[in-house]
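Try each task before reading its solution.

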Amino acid sequence: MKYLDIAIDYARKLGVDYADIRIQKSISEMIYLENVSFKANNLDTTHGYGIRVLKNGAWGFAHSNIFSEDAVKTTTKKAFDIAKQSARLRQGKGIRLASEKSYIDSYTTPIKKDPFTISTKEKTSLMLETSQTMLKYTPIIKTVIILTNHREEKLFASTIGTRLDICTSFVSPMIMAVAKNDTDTQSRSFNEGGHAVGWELIERLNLPRIADTVAQEAITKVNADTLDRENRTTLVLDPIHLGLTMHESVGHPTELDRVLGWEADMAGVSFATPEKLGNYQYASKIVNFVGDNTLAGGLATAGFDDDGVPGQRWFIIKDGVLNEYGTTRDTAPFIDLPYSRGCNRATQYFDQPINRIPNLYMLPGTQPLSPAELIRDTDSGVYIQGQGSFSIDQHRVNFQFGGDYFWEIKDGKLWRPLKKVLYRSCNPEFWNSVDAICDARYFKPFGVTNCGKGQPGQVGRMTHGASTARFRNIRVGGSK
Amino acid sequence: MKARLQKIMKFIQKHLHADDHEISVYYRDSQDTRFAQNSITQHMAGDSIGVFYNCIVDRRTGSAHTKQIDEANLLNIIKKAEENARENMPDPDIASTLSKAEYPQVQNYASSIKKLTTKKMVDIVKTCILNAKLKNAQLSGIISKSTNENLFVTGQGFSGYTYGSEVDLSMTLRANHIETKVAYSHKDFDKLHIDDIINQLNEQFAALHTLKDMDFETLPVILRPQAVMELFSYLWWIYNRKTADEGLTPFTAQIGKKFLGEHFSLLSTIDDPDLKTQPFNNICVAKSMNWVTNGVINDMPTPRDWAHKHNLTPSYMHNMVIPGQGISETEMMKKVKRGLIINNLWYIRINDMKAADLTGMTRDGVLYFENGTVKHAVNNFRFNECLPEMTRRILATGKPIQIRSNSKVPAMLIEDFHFVDKTTF
């Protein structure tokens with residue numbers, strides 16, 4: 001693409017310290033079905049480029065969707081001028097970049113069946129059948145099915161000589177049923193997030209069969225009991241639920257930009273400050289969290305990040321101890337790290353990339369253990385599946401989570417269904433209370449497609465994963 | 001730019017083949033200067049044109065959006081949207097698009113935005129950072145400016161054009177245990193008084209120097225306007241005729257009833273010259289609405305398809321005003337024996353939709369008061385509150401303040417606010 005060369009050559013001529021250009025085309029299809037009414041069947045295409053210039057220790061970023069030599073040069077100059085103005089307020093040496101090699105490379109998400117080649121008719125017929133499966137149950141008053149297919153094509157070039165050609169894709173199905181009784185309405189969902197695979201996922205899932213279970217569980221839930229009083233008890237949390245808890249209480253606190261205070265005004269900061277690296281008992285000794293932007297099927301697996309840093313695998317929490325952060329080329333030097341872990345990603349061409357959570361997962365337990373065995377081994381407690389309400393303070397210490405489907409555990413058995421369960425905990429209490437993790441056979445990923453961060457807001461994507469795990473002595477109660 | 005948008009619009013109109021349609025051609029130009037730790041960390045600028053095309057073919061819907069504006073791609077998105085519609089299932093709830101209608105000629109644009117050059121934005125940040133340095137504090141935040149234009153037409157003859165401007169300034173000042181924030185937005189840069197905002201930040205900062213640990217309990221609170229804005233913004237999500245009629249929220253069958261508190265009213269207006277309002281969208285044209293009057297629910301925003309299906313009048317919350325009694329914070333403190341003053345709330349989420357039960361945290365400074373006097377700052381807390389029931393515990397309200405370009409809300413004194421947890425900071 002000639003515009004890569006135009007931008008980089010012109011940036012060099014202007015005298016930048018570093019520059020890159022990212023030409024990005026994002027194509028997203030979203031079909032939204034409510035009961036039997038298709039509320040949206042939308043194809044979204046954005047195509048443009050963002051140019052990032054580092055000059056005198058400050059960033060300038062400009063974007064455009066006009067593809068011409070003049071426009072590319074004008075945009076490059078705009079980024080350059082902005083950087084020079086920003087450098088007036090530089091502190092010390094300002095922004096520096098961790099060293100990185102140059103690469104000429106490409107990456108494509110391995111998919112078997114391109115979802116964009118599947119006809120709308122096939123997709124909508126499947127969705128309608130899925131919805132009707134749930135609507136046959138009288139207490140089900142509302143269903144929602146959302147199918148999202150996404151493809152992203154990026155061309156990247158930088159002044160250190162990197163040239164990348166990247167194409168990533170994901171599919172994301174979501175099913176929800178709302179059940180009603182005389183006094184209440186409650187929903188139950190199937191939502192495992194996005195997966196960096198093709199239409200083969202949808203074929204494998206059998207959505208109508210899943211929907212039937214979702215509907216039955218929604219009915220069970222609306223008629224379930226509530227927990228009125230808060231008590232300290234045991235929680236058994238399924239992988240989809242854990243995907244959200246680790247995202248909020250481990251993923252965000254270990255983004256280095258938050259640690260540095262760069263997000264203090266909006267998303268907040270982090271309690272996991274650098275002096276804790278290598279000595280802070282973030283979790284119990286059986287807990288290991290891995291950052292892994294090479295994970296097959298992972299939404300942050302793209303070969304390289306938007307700094308041109310290759311995907312890597314590293315321990316963020318090792319044997320329960322805070323080990324390392326998710327980093328970018330511009331954050332790593334602030335804690336004297338000589339390298340980046342490749343976590344700089346932008347959502348659209350018009351976004352400046354920011355420090356993002358990598359694919360982040362908890363390693364499975366090393367001893368054979370199934371969720372059924374774990375529940376059998378639990379005298380009393382609550383088993384939570386899926387995701388519900390979530391809220392955490394701006395230091396990522398105190399949090400409250402709900403869930404989607406709940407069972408009270410008594411004498412090692414699922415005793416009675418519950419609804420409106422909430423639990424409250426904090427870091428490091430929560431992850432230090434883990435005393436059992438099921439083995440690798442029960443590991444399940446959850447793909448986040450809507451991680452909000454930054455000003456102006458960007459929506460990031462990454463995959464989490466876990467096997468079902470047990471947490472002891474957590475405050476558990478019910479909402480009103 | 002309007003002429004360019006019209007040209008794109010005409011091109012799409014010429015090539016479409018749908019029974020009915022909505023087309024939106026829009027332009028946005030923005031610049032955002034982010035700062036943190038007393039330095040600029042990001043600085044972004046750019047503009048773009050985008051097109052939304054929604055079509056109805058034989059009672060089937062399809063749509064496409066693009067930011068790739070060349071004739072070949074525009075033809076492609078028309079084709080894709082119409083193909084999607086043809087291959088779609090018929091929609092039993094479909095409503096025709098908006099008919100020809102007059103819409104309010106609101107002024108959402110102020111030319112003062114032109115003063116806000118790159119240099120000026122950096123100068124403002126510099127002023128704010130110098131203020132922080134005088135306190136040995138670290139400043140983080142953003143100053144943003146944007147202008148936008150939107151041309152919207154439908155197959156039933158509606159045609160509208162709107163344009164606007166927006167300036168946002170948000171700052172968090174941090175030192176040791178102190179962390180406090182102010183954030184304002186306005187369509188008119190001249191009305192975003194930077195010195196006043198810095199002064200407010202300084203006052204909040206100074207008030208937080210003496211911090212004492214406090215356990216959570218149920219007690220009265222004075223929510224300052226920013227906190228009220230954060231909390232009641234959730235009405236945009238849950239205060240809706242469709243979800244109420246479906247039985248999903250507590251507002252089911254409450255129209256005409258005094259379901260909320262006496263001291264709570266809610267309206268949208270097209271008559272306030274300072275407030276931005278969206279004069280039309282694909283639901284209807286904007287008009288002034290008294291959604292709630294002294295606790296009585298008069299109306300709820302109603303989506304177009306729901307209105308069509310149930311013979312209702314469509315409406316939307318194009319801006320938000322919560323009227324107030326003009327009672328000062330000092331007077332509010334005297335109305336209760338003790339309580340908390342809360343600068344801001346954050347990470348509010350719905351625990352239970354049917355009850356409108358929300359959770360969230362305090363943020364940016366909490367002050368403890370007793371016998372009409374502020375005693376000291378305290379740590380942050382978590383709350384769980386059912387919004388409708390909470391409005392019945394509003395004891396007093398202040399003078400509405402414009403926090404965002406489209407919202408004015410007052411401070412509120414609320415009895416028995418349900419805190420359920422505390423933080424370590």
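A salt bridge here is a side-chain nitrogen of Lys or Arg within 4 Å of a carboxyl oxygen of Asp or Glu. Keep in mind that the model is predicted.

**Exercise 1. Salt bridges across the interface**

Task: Find how many salt bridges the rule gives across the interface of chain A and chain B, and check the pair A:K39 and B:D93.

Solution: Start with the total: the rule finds 9 salt bridges between chain A and chain B. Next, take A:K39 and B:D93, whose closest N and O atoms are 3.5 Å apart. The cut-off is 4 Å, so this pair qualifies.

**Exercise 2. Extent and make-up of the contact**

Task: Describe the contact between chain A and chain B by residues, area and class.

Solution: First count residues: chain A contributes 78 and chain B contributes 82. Then take the buried area, about 6,700 Å², with 46% from carbon and sulfur atoms. Polar contacts come next, with 51 residue pairs between the chains, both residues at pLDDT 80 or more. On the side of chain A that touches chain B, strand 2 (residues 37–55) supplies the largest share, 10 residues. By class, that side holds 27 nonpolar, 32 polar and 19 charged residues.

**Exercise 3. Strand pairing**

Task: Which sense, parallel or antiparallel, does each of two strand pairs have?

Solution: Begin between the chains: strand 2 of chain A pairs with strand 3 (residues 60–66) of chain B in the parallel sense, over 4 bridges. There, A:L43 has B:A64 as its bridge partner. Now stay within chain A, where strand 6 (residues 163–180) and strand 7 (residues 185–191) run antiparallel, joined by 7 bridges. A:M174 is bridged to A:N191 in strand 7. Finally, strands 6 and 7 of chain A form a hairpin with 4 residues between them.

Terms used:
Residues numbered from 1 in each chain as written. Chains lettered and ligands numbered in written order. Predicted model: local features only at pLDDT ≥ 70, side-chain atom pairs only at ≥ 80, totals over all residues. Heavy atoms only, no water. Contact = heavy atoms within 4.5 Å. Buried area = accessible area lost by both parts, 1.4 Å probe. Polar contact = N/O pair within 3.5 Å; in protein donor to acceptor, adjacent residues only side chain to side chain. Nonpolar A, V, L, I, M, F, W, Y, C, P; charged D, E, K, R; others polar. Pairing = 2+ DSSP bridges.
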